[in-house]
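Below are some short notes for a colleague who has not seen this structure before. Please read them alongside the sequence and the model.

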Amino acid sequence: GCDGGEDSSLRYTLCKKLWDTIKEETESLQDELNRQILEGLLHFIKRCCSGPRHTAGPWEARMRASEIPTAALVLGVNVPDHDMTFQSLCELLQQSVTPHVACLQAKECGALKSLMRKVLERLVGSAAEDEEEGDTHPHPKGAHCTLATLCEWYETKSKKSSTPGKKRSSEEEPARPPIVIIFKDLEAFNPRVLQDFILICSRYVEQLPLILVFGIATSPSTIQQVLPHSVSSLLCIELFQSLSCTQHLSTVMDKLILTHYFPFKPNAKVLQVLVSIFLYHDFSVRNFIKGLKLALLEHYLNQPLSVLCCEKKEEVELNTTQLSHRGLESVRQLASFRRYVEQQQPQEQVALLTSDQHMKETCKKLLKDLYKYHKNYYPVLRCLHALTCSLPRVPLGKQIRELHITCLEGNVWEREEYRSAMQLLSRHYLSKLMHIKILCPHQVANNDSFTFIYYHYFLNVYKKLTLIKNIFDNERCSCFVSPEAKPETAANEGMTSPAKSMEKKTDLFQLQKTLLEMKETRRTKKLSGFEILRNEALDFIDALVRSHLVPPETQPLHEVCYYSSSALLRRHLNATPRTSIQTALSSPYHYLQNDALLTEDGGVSNAAPDLCIVHKLHLECGRLINLYDWLEAYATVVSAAEGKDPESEEYGKVDELKHARFIQAVSELQFLGFIKSTKQKTDHVARLTWGGC
């Protein structure tokens with residue numbers, strides 16, 4: 001059955017296969033997005049170390065003798081994504097420019113001495129590991145951590161690499177490869193430490209070909225805030241700007257979600273949770289992908305019918321054929337399938353509920369229809385977004401993900417925003433309608449997911465919109481009255497218009513009659529050629545929207561592909577550490593799922609971890625806790641858990657093992673912030689939390 005071990009292993013295989021494909025796609029996408037900025041950085045570093053400064057090009061001519069070439073890399077506030085960028089940068093530098101790369105973090109460099117030591121460890125230590133011969137190198141732990149030591153090591157290294165008997169690995173690699181020092185999080189560094197380090201480096205520019213790379217999360221003005229002019233004037237800075245995290249997210253969603261190639265789909269609420277965490281917490285595309293992975297794992301773990309969520313049609317048909325009776329019963333219990341059965345004829349209903357073979361054939365047909373629904377959904381979604389993304393006030397959203405979520409939530413054509421967008425398009429927005437001519441055939445032609453007949457419909461609209469443009473240009477350019485129209489105009493002048501009659505008549509009856517005539521005139525007004533073609537084009541787009549942008553809940557068996565547990569996803573991704581810690585300490589069974597930890601009154605069992613016992617005992621104390629009394633109470637609880645006789649002398653006795661366990665538990669409780677040491681009383685600690693905290 002669907003819950004059996006065989007199906008579980010199959011679901012695991014399908015989940016792993018799908019995630020490997022998604023991971024490969026995201027990695028290639030990440031490399032593609034980072035390629036432009038990384039290539040610019042590589043070109044900058046190669047240009048800085050291309051040769052002696054007095055014989056170099058225009059860039060080097062601008063650099064004074066004491067200036068250090070510096071690259072300011074603005075990556076944005078999505079700090080969790082920076083590690084991947086810097087890792088790719090280090091690998092590219094070591095492969096094509098220089099083996100001497102040191103990547104530093106602020107938490108490792110609190111003082112100048114620590115910064116110097118880390119620089120030497122990254123450079124000298126890595127070189128010593130890569131050295132295959134038995135030569136000795138000054139290791140930072142056994143030598144003074146100064147740039148003078150680095151100079152000696154670099155000179156020795158350069159002489160050795162320039163010996164006649166040893167060929168270079170690459171003709172492009174310079175004889176004196178530069179030393180690149182990367183500061184991953186510039187804002188977090190101690191400004192004074194950074195200033196002193198740059199001042200020291202400026203005195204070794206002639207001996208060491210230093211190049212600095214600043215990783216900036218906010219804005220380039222951070223350099224001016226961290227470094228005074230006397231220090232920043234020693235740097236020759238060039239700015240590099242990465243792609244914004246919102247654009248990165250849009251690209252990732254286009255590849256992973258807004259496509260029919262990946263069968264797994266998050267529903268509106270799940271996608272809203274993932275996007276909300278991205279926008280309001282960390283702007284991290286990496287964490288967004290992790291959240292998508294968690295949803296994928298939960299779907300294949302908790303949905304037995306996920307065995308039908310496959311990438312290839314052949315796998316879907318095979319797994320449908322192999323469904324057991326229990327699996328088919330699970331299909332019959334789906335809400336979407338029950339609605340489908342209710343719409344069938346009585347004989348078909350009986351066959352669906354009683355015949356397993358007929359049920360399998362129906363499932364294959366419904367899954368093919370679901371696949372076709374996805375193939376038609378996304379091209380129409382992109383065309384609608386192309387038409388409405390730059391309208392005034394952007395009623396359907398500026399990003400395609402907003403429009404996608406709106407379509408997932410319900411019938412988009414019933415929303416006021418959609419009616420507003422179509423009304424704006426109908427008001428002579430010719431430039432927006434021409435997007436159909438430019439974008440829609442491109443979306444359809446480059447996507448094999450659309451039926452052949454709709455492609456010809458788009459081409460038909462393409463031709464009509466070309467006529468629209470010609471008619472519009474002719475009407476706008478014609479500033480004269482044709483001779484044929486003059487007699488008609490003269491005849492019309494002899495007639496009294498309703499508006500003019502309104503000026504002559506003032507009684508209420510005549511006014512009402514005139515207004516009705518004006519209303520009828522507007523109703524029977526003949527539309528121009530431009531208006532007819534424009535309305536026809538908009539009606540065609542509206543028909544496509546109503547036909548293909550229906551919510552997925554209307555499709556039978558949509559539960560196979562769509563994950564809907566948004567509450568579970570939010571609880572895992574947007575967790576509250578304080579509540580989780582309190583739950584773990586007061587009810588360890590919630591996480592450990594050990595039956596020995598269950599108690600009738602819901603309290604903490606004697607067999608609970610030491611930290612839980614110590615936490616329970618500290619709740620019974622006041623503001624100051626006597627450590628000895630606390631230890632005695634802990635020993636009594638542990639003795640009861642060990643099953644000792646309360647009447648024996650060993651019961652409640654503190655031995656070395658219990659004493660050590662108690663000290664460790666108290667230290668962990670202090671680390672979590674529940675207690676702190678105090679000088680008010682000897683052998684006491686102060687309690688920091690009260691009530692339910």
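**Notes on selected features**

1. Helix 29 and helix 31 are roughly perpendicular to each other (a term for angles of 65 to 115 degrees). The axes of helix 29 (residues 610-618) and helix 31 (residues 656-671) cross at roughly 70° and come within 9 Å. Helices here are DSSP runs of H or I with at least four residues, strands are runs of E with at least two, and both are numbered from the N terminus. Axes are lines fitted to C-alpha atoms, for helices over the stretch in contact, with angles from 0 to 180 degrees between N-to-C directions.

2. The model is predicted, with local features needing pLDDT of at least 70 and side-chain atom pairs pLDDT 80 or more, while totals for chains, interfaces and linings use all residues. Residues are numbered from 1 along each chain as its sequence is written, and side-chain values use heavy atoms, without hydrogens and water.

3. From helix 29, Asp610, Leu611, Val614, His615 and His618 meet Arg661, Phe662, Ala665, Val666, Glu668 and Leu669 of helix 31 (contact means heavy atoms within 4.5 Å).

4. Strand 8 pairs with strand 10 (residues 684-687) over 3 bridges, and Ile625 has Val685 as its bridge partner in strand 10.

5. Val550 lies in the loop between helix 25 (529-548) and strand 7 (562-563). Val550 counts as buried because its relative accessibility is 16% (buried is under 20% relative accessible area, exposed over 50%, partly exposed in between, with a 1.4 Å probe and protein chains only).

Key. Angles under 35 degrees count as roughly parallel, over 145 as roughly antiparallel, 65 to 115 as roughly perpendicular and the rest as oblique. Two strands pair if DSSP finds at least two bridges between them.
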